[in-house]
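I wanted a quick look at the fold and at the ligand site. My notes follow in the order I looked things up.

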Amino acid sequence: MARILVTSDIYSESQYFVDEIPKANQFQISSDFKNMPGSKMLNAARVLHALGNNVEIRGLVGDDQEGALMLEKIKAWGFNIDNIQKKEGEKTGHIVVITDKSGNSSVTLYQGVNTQLTPDNIFPHKTDLHQYDFVYTGTHLPLGTLYEIVERCNLEKVKVFIDFPNKQKEVDLTRLENADYIVPNRQEAELMLGIRIHDIEDAKKALNLLRERIDGTIIITLDKEGCITFEKGKTDPKYYETTLVNGGDATGSGDIFRAKLVSELAKGIELDIAIKNSLKLATESVKIVGVDETLKSLDYKSSW
Ligand SMILES: Nc1ncnc2c1ncn2[C@@H]1O[C@H](COP(=O)(O)OP(=O)(O)O)[C@@H](O)[C@H]1O
Ligand SMILES: [Mg+2]
């Protein structure tokens with residue numbers, strides 16, 4: 001069983017369901033309400049856990065009611081919460097999602113204590129990093145913290161995998177040159193490079209540009225078009241198609257792709273097969289509506 005450390009941001013996510021998303025000065029009654037711990041990193045941690053890995057989440061909550069409740073719920077999902085720290089005098093992060101009848105949502109995010117995650121919060125025991133097979137992290141972290149994680153993983157020879165949910169323009173890619181896997185989606189890669197990726201040829205150009213600054217394996221996920229990889233040590237990118245799903249709900253599909261990929265790589269499966277299996281699971285996930293429902297009911301045990 002692989003040991004994987006996920007550096008997670010943690011939000012108390014509240015979702016309201018309305019006929020129409022209210023505009024300024026308007027009022028709407030919500031027909032249903034959900035509250036649970038949310039974030040892209042938590043989605044990935046749940047998938048990694050469901051795939052049978054030993055996953056440890058490290059992150060911060062505030063010393064408020066929401067923080068205590070989120071810890072309780074994360075524990076109920078089956079995670080060890082010993083290394084999620086509660087920070088005195090700080091507020092837990094919040095997300096408010098308002099979803100209309102057609103499935104469109106407005107999202108408001110309050111980052112709270114998540115902006116304060118330091119290397120010492122993530123590695124409170126200085127010597128324990130080497131026991132992990134992978135660190136799953138991303139640009140949700142303060143960038144100084146992210147750069148230090150990459151350096152420490154490199155020193156301890158622990159594989160590090162990076163998601164790119166934000167700060168695509170601020171990130172200094174040369175500080176990530178030793179990261180093992182860098183995995184933005186199409187829109188994130190566009191922001192990182194200041195170019196548009198309309199088709200596979202554009203995606204190849206993007207990978208060639210990234211290769212000038214990064215040594216590790218780079219993968220861009222391309223939604224209905226699958227993904228494209230530039231493996232470490234190879235001379236050319238390689239494109240993988242997937243089966244188009246019309247309609248459905250693609251929310252969280254990138255997190256599912258990345259988590260499955262890390263799970264496969266941690267088992268020692270070669271990149272080519274790992275990518276194909278990850279595309280299958282991610283594409284399958286698009287057929288299920290609602291992220292929580294998807295994460296609960298995905299067919300993790302299937303032969304892929
Ligand atoms: N409409 C779709 N049809 C089939 N597969 C999809 C579709 N949208 C997403 N996927 C699958 O999910 C993966 C990740 O989607 P993508 O949109 O690139 O990531 P993100 O969720 O980060 O925006 C894709 O590589 C693909 O396997
Ligand atoms: Mg997408």
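Predicted model: local features only at pLDDT ≥ 70, side-chain atom pairs only at ≥ 80, totals over all residues.

For 304 residues, the rule puts a compact globule near 19 Å; the protein chain has 19 Å, so the two agree. I then checked the box along the principal axes. The C-alpha atoms of the protein chain fill roughly 55 × 45 × 40 Å.

Next came secondary structure. I found nine helices and 13 strands in the protein chain.

How much of the protein chain is buried? I read 41% of the 304 residues as buried. I also looked at contacts between residues at least 6 apart in sequence: 66% of them join residues at least 24 apart.

I turned to the largest nonpolar core, which holds 73 residues. Ile-4, Val-6, Leu-48, Ile-162, Ile-220 and Val-262 touch the most other members. Leaving out residues up to four places away in sequence, Ile-4 touches Leu-48 and Val-262, and its other partners include Asn-53, Val-55, Tyr-132, Asp-133 and Phe-134.

Last, the ligand. Which residues are closest to ligand 1? I listed Thr-221, Asp-223, Ser-253, Gly-254 and Ala-282, out of 19 that surround ligand 1. Helix H7 (253-266) and helix H8 (271-285) are the elements that give two or more residues to this shell. By class, I noted nine nonpolar, seven polar and three charged residues around ligand 1.

Terms used
Residues numbered from 1 in each chain as written. Chains lettered and ligands numbered in written order. Near = placed C-beta within 6 Å. Helix = DSSP H or I, 4+ residues; strand = E, 2+ residues; numbered from the N terminus. Nonpolar A, V, L, I, M, F, W, Y, C, P; charged D, E, K, R; others polar. Rg over C-alpha atoms; globule rule 2.2 N^0.38 Å. Buried ≥ 20, exposed ≤ 12 C-beta atoms within 10 Å, placed from the backbone. Contact = placed C-beta atoms within 7 Å. Core = buried A, V, L, I, M, F, W, Y, C linked by C-beta atoms within 7 Å.
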